[in-house]
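Reader: I have a few questions about this one before I set anything up. Can we go through it residue by residue?

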Amino acid sequence: MRKEPEVFINHTKFFLVLFFLFGVGVQYNYAQISNYVSSVKVGDAKEKTPLAISADLFSSENISQIDIAFKTFGKNEYLKREMLLTGNTASVTIPADEIQPPYLEYYIILSLKDGTSQTYPLGVDHGVAPIQIPISAVSEKDKQILVLSPDAGEMLTQHDMLISISFVKAPDQVDISKTKIYLNDQDVSSFAVNAGDLLVISGDNFPSNLGFGSLLLKVEVYDKSGNIYHSISRSFQLVTEELAAQAGAQWKYYGSLRGESRNENYNSASTWYNNLGADFTGTVDQWRLNGSVYLTSEEKSNRQPYNRYSATVQNGDWLDLKFGDAFPRFPSLIMDGKRVRGFSGALNFGAFNIQTSFGETVRNVEGELLEKYTAANAPLGSNIISINQLKYPGYQYGKVNMGTYNRNVFVLRPSFGSGENFQFGLTYLHSKDDPGSIEFGARPQENLVFGSDLMFAFDDQNVMFTSQAAFSLVNKDISSGNLSDAQIDSVFGPNSTYSNVDPGTVKKYKDLISKFITVNQYLGPWNPQELSSFAGEAALSLNYFDNTLRTSYIYRGNDYQSFGQSFLRTDVKGINFIDRARFMDNKLFVSIGYESLNDNLQKTKIATTTFETISASVSYFPRTDFPNVTIGYNRYANNNGLVLADTLKNRNAMFAVDDITDRVSLAMSYDFIAGVRHSSSFSFTTSSRTDNSLAKANATFNMSSLNVTSYWTSQLMSLCGIVYSASEISGQPFNYLTITVGGKYRLLENKLQLSASLSPSFGDFERQALELVADYNVLANLNLVFQTRIFRIPGSATNSIIGLTTRLSI
């Protein structure tokens with residue numbers, strides 16, 4: 001009887017929370033419309049911790065590549081990384097140094113096989129707001145309440161599992177008896193034994209089998225007033241006795257084998273896909289071996305590789321060798337985020353280190369001969385090339401679909417210093433197309449980059465200076481080889497194509513430069529003194545009195561290019577300033593940012609455009625019985641000084657740039673008890689763009705969403721979500737509403753998990769999506785997963801994906 005008022009109060013609290021959320025008229029950006037992406041999963045977003053992001057696809061049939069664009073608070077420029085596409089999932093891990101409060105902003109770029117592209121969220125290139133991920137900060141309370149066991153990622157059997165939480169350093173205001181402990185969101189607090197300043201749970205205390213696989217341990221600590229004081233989470237693995245025995249041996253190894261067969265019925269076309277994946281990890285002493293293989297029926301010789309394979313050998317921090325597919329990280333101006341199939345490795349001795357990578361970045365794909373011509377009747381065209389007259393007698397030219405040359409890269413970076421307080425590095429990159437790798441192609445290219453980087457810090461890195469600089473040369477057609485002296489006299493000098501270049505200077509440096517790169521009329525730039533192929537940046541950061549101040553300067557000439565960095569923005573220079581203040585034990589963040597960039601560095605455009613960004617954000621992470629809140633404001637102003645007055649007389653008016661975008665965002669998340677445990681998230685974004693150019697591409701965008709996940713029992717959970725979007729671009733409205741309902745249910749002693757979700761969309765975007773999943777634990781280390789996805793767009797065919805996946809752990 002005494003619990004009834006409490007339940008009533010909790011339910012009342014639940015409805016008040018919903019009323020508050022809907023009363024503001026906002027929702028969280030959880031479900032976005034897309035023709036290809038069904039949902040995006042984001043890992044635990046914590047400061048200076050790598051962040052995993054994965055996108056589940058409706059179908060990968062028409063997708064050739066997926067990239068993610070992301071940026072931290074206060075920056076104008078997005079960094080980009082290629083996502084690993086395996087089956088119907090694309091995944092990437094954002095490096096730890098890019099995960100900083102208050103939030104990370106991102107969107108996904110889908111490159112389609114027909115040469116077009118699409119973003120997620122849909123319409124980012126037309127003013128739709130990207131997605132923001134709030135980043136929580138490290139707390140001093142992490143040092144007060146400690147999880148002694150299990151260790152993060154540790155492999156345990158249920159019999160050997162011991163959850164031990166220490167409160168030795170906790171302050172007096174903490175009430176240990178009120179602590180809540182969850183395993184995969186299942187409340188297991190009742191199994192805990194209080195041993196003074198310790199809370200302990202033995203695996204033998206659980207009345208049922210917990211199953212096998214990854215478990216998320218979450219601990220909520222309360223003060224004596226019943227308010228949440230702090231929360232901690234940690235993941236570990238529950239495995240079989242056999243696997244645990246193997247893990248306890250000196251030579252430890254474990255692995256998994258996955259097989260998938262699925263049928264996609266997309267736009268009335270039925271296609272079967274078969275995938276096989278395997279992972280292996282072995283450790284002995286300080287040595288660690290990793291292997292990964294992914295094979296798919298999507299692998300075709302006329303496409304870039306879909307198969308992936310890699311092997312890694314590591315020993316502590318000093319040795320790291322990778323064979324196969326890798327994404328090596330060098331100074332960001334030279335190589336970062338580019339896939340290399342070959343070898344990548346590093347030797348780190350502290351005082352001296354060396355890092356290298358070499359292999360294939362682009363696979364050769366043969367072109368197609370469409371039509372043959374004689375020299376007399378050959379038309380002009382970019383796809384008209386000379387062909388092999390011995391192979392095609394009587395014909396000198398052909399009309400072709402261009403193929404892709406095989407491209408290889410070699411990168412070497414020796415460095416001095418451990419990188420803790422000092423490091424100086426030199427980087428050399430050479431990349432070249434193989435002209436003989438295909439028959440039907442044109443203009444194979446070659447690239448050479450030299451660079452240096454410097455870092456020094458003191459006072460425990462509270463003061464840090466970083467810088468990097470690079471110079472590049474690019475030859476846009478190496479098919480004719482190096483120039484002879486006679487050819488130099490005809491190409492350079494007075495009355496020639498390059499009249500401003502002295503032929504004597506070209507001859508002087510040809511012999512030296514040709515040892516590194518092909519020297520002909522297509523090599524450039526020939527005016528390095530104008531810094532068109534130079535790129536550099538420097539940054540100074542100060543971290544004192546709970547305040548982080550960072551200021552930086554960048555310069556990137558319009559001709560700078562590195563084949564190891566495909567996503568770098570060039571023809572830009574300017575400054576960036578960010579100040580982030582922390583209060584209340586990293587619960588409250590106040591951040592401001594300012595960036596001003598200019599283009600037209602080499603005066604190749606009619607006017608110079610200034611890109612100005614002003615950012616402000618307030619974030620509150622109470623870690624108590626109150627929502628996490630992040631409020632942000634951004635203002636993007638672009639102007640090149642050209643005016644539209646008297647357009648008929650002003651020929652330059654068509655090149656005018658004058659637009660301002662104001663964006664306000666609000667994001668909230670809240671875990672609470674209202675009868676049962678609930679997790680809610682909610683956000684609202686509004687932006688308005690005023691375009692004073694001839695295009696008049698004015699735009700408004702408003703999106704709100706709300707999601708509530710409820711854990712009714714240890715076997716049953718549900719998800720409810722709603723998204724509303726209202727936008728108008730160049731006078732064209734686009735409004736839609738999406739509702740998502742779903743849930744998961746475990747039965748047969750947690751061996752079978754059933755999942756279902758239904759997501760209809762209404763308005764200017766209409767679609768109904770249904771997903772059903774059954775995951776059955778056949779044996780201790782064997783799972784079978786049956787999945788069905790059905791999505792229908794009115795006026796077109798009903799599409800479906802039906803697949804069976806097998807997972808085996810060893």
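Author: Start with Arg582, which is buried because its relative accessible area is 13%, under the 20% cut-off. Keep in mind that this is a predicted model.

Reader: Where does Arg582 sit in the fold?

Author: Arg582 belongs to strand β36, residues 572-583.

Reader: And which residues is Arg582 in contact with, leaving aside neighbours within four places in sequence?

Author: Glu47, Ala137, Asp546, Thr548, Leu588 and Phe589. With Glu47 there is a polar contact between the two side chains, at 2.5 Å.

Reader: Where are Pro102 and Pro150 found?

Author: Pro102 is in the loop between β6 (89-94) and β7 (103-112). Pro150 is in the loop between β10 (146-149) and β11 (155-156).

Reader: What about phi of Asn600?

Author: Phi of Asn600 is positive, near 60°, and the residue is not glycine. Asn600 lies in the loop between β37 (588-598) and β38 (610-620). Leu748 also has a positive phi, near 55°, and is placed in the loop between β44 (732-747) and β45 (752-763).

Reader: Are Asn600 and Leu748 buried or exposed?

Author: Asn600 counts as buried because its relative accessibility is 4%. Leu748 counts as exposed, at 51%.

Reader: Last one: how far apart are the C-alpha centres of domain 3 and domain 4?

Author: They lie 30 Å apart. Domain 3 covers 368-401 and domain 4 covers 482-507.

Notes
Residues are numbered from 1 along each chain as its sequence is written. This is a predicted model: local features need pLDDT of at least 70, side-chain atom pairs count only at pLDDT 80 or more; totals for chains, interfaces and linings use all residues. Side-chain values use heavy atoms; hydrogens and water are left out. Helices (H or I, at least four residues) and strands (E, at least two) are DSSP runs, numbered from the N terminus. Buried means under 20% relative accessible area, exposed over 50%, partly exposed in between (1.4 Å probe, protein chains only). Contact means heavy atoms within 4.5 Å. A polar contact is a pair of N or O atoms within 3.5 Å; within protein, one must be able to donate a hydrogen and the other to accept it, and residues adjacent in sequence count only if both atoms are side-chain atoms. Domain bounds come from an automatic or database domain assignment.
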